[in-house]
Amino acid sequence: MICLRCGFCCNHLDVMIINPRSIRPDGTIDPGDQNSMIGKPNGRKCPHLAYLGEVAVCTIHDLSCYRGTPCDRFDQFGPEDTVCVLGGYFKSSEPAKL
Ligand code: SF4
Ligand code: SF4
């Protein structure tokens, strides 16, 4: 799946994310930390999401704690070389701004 870096999934999905408070300076989390994963509800911007202009960036994407998270494993059905359709869906389902 080719990501268009719109950031819509990071705003609109209910997903378990790494607790920002649990990230150690080396990018890992303590395996014994019971609060290392927190829920990010639908409609709330992920605390790890930033924008470079209009390009969405996951600020923990390259940290080792990101590996194996639901976000890391997120994909959609279909061929690997097709563009993500989720962003377009979320965009079309947002209420029109008058
Ligand atoms: S952790 Fe990264 S990929 Fe996951 S919702 Fe937050 S910004 Fe998006
Ligand atoms: S909705 Fe799709 S294109 Fe937009 S950031 Fe998420 S994965 Fe990428």
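**Ligand 1**

How many nonpolar, polar and charged residues are in the shell around ligand 1? I sorted them by class and got seven nonpolar, one polar and no charged residues. For this I took Ala, Val, Leu, Ile, Met, Phe, Trp, Tyr, Cys and Pro as nonpolar, Asp, Glu, Lys and Arg as charged, and the others, Gly among them, as polar.

Before going on, I noted that this is a predicted model, where local features need pLDDT of at least 70, side-chain atom pairs count only at pLDDT 80 or more, and totals for chains, interfaces and linings use all residues. Residues are numbered from 1 along each chain as its sequence is written, chains are lettered from A and ligands numbered from 1 in the order in which they are written, and side-chain values use heavy atoms, with hydrogens and water left out.

Next I listed the neighbours of ligand 1: Cys10, Cys46, His48, Leu49, Cys58, Ile60, Tyr66 and Cys71. A residue makes such a list if one of its heavy atoms lies within 4 Å of the molecule. I also found ligand 1 in the largest pocket. A pocket here is an open set of points on a 1 Å grid over the protein atoms alone, where a 1.4 Å probe fits, with protein on both sides within 12 Å along at least five of seven lines. A molecule sits in one if more than half of its atoms lie within 2 Å of its grid points.

Arg5 is partly exposed, with a relative accessible area of 39%; the cut-offs are under 20% for buried, over 50% for exposed and partly exposed in between, with a 1.4 Å probe and protein chains only.

**Cysteines**

How many disulfides does a search of the whole structure find? I got zero, taking a disulfide as a pair of cysteine sulfur atoms within 2.5 Å. I checked Cys6, which is partly exposed at 31%, and Cys10, which is partly exposed at 25%.

**Aromatic rings**

My search of the whole structure gave one aromatic pair. The rings are those of Tyr89 and Phe90, with centres 5.6 Å apart and planes at 55°, so I call the pair tilted. Rings of Phe, Tyr and Trp (its six-membered ring) pair if their centres lie within 6.5 Å; planes under 30 degrees apart count as stacked, over 60 as edge-to-face and the rest as tilted.

I counted three helices and four strands in the protein chain, in the order α-β-β-β-β-α-α from the N terminus. These are DSSP runs (helices H or I, at least four residues; strands E, at least two).

I placed Ser36 in the loop between strand E1 (15-18) and strand E2 (37-40), and Ser36 is buried at 10%. His61 lies in the loop between strand E4 (55-58) and helix H2 (70-73), and His61 is partly exposed at 46%.

Terms used: On a 1 Å grid over the protein atoms alone, a cavity is a set of points where a 1.4 Å probe fits but cannot get out, and a pocket is an open set with protein on both sides within 12 Å along at least five of seven lines; lining residues have an atom within 4 Å of a point.
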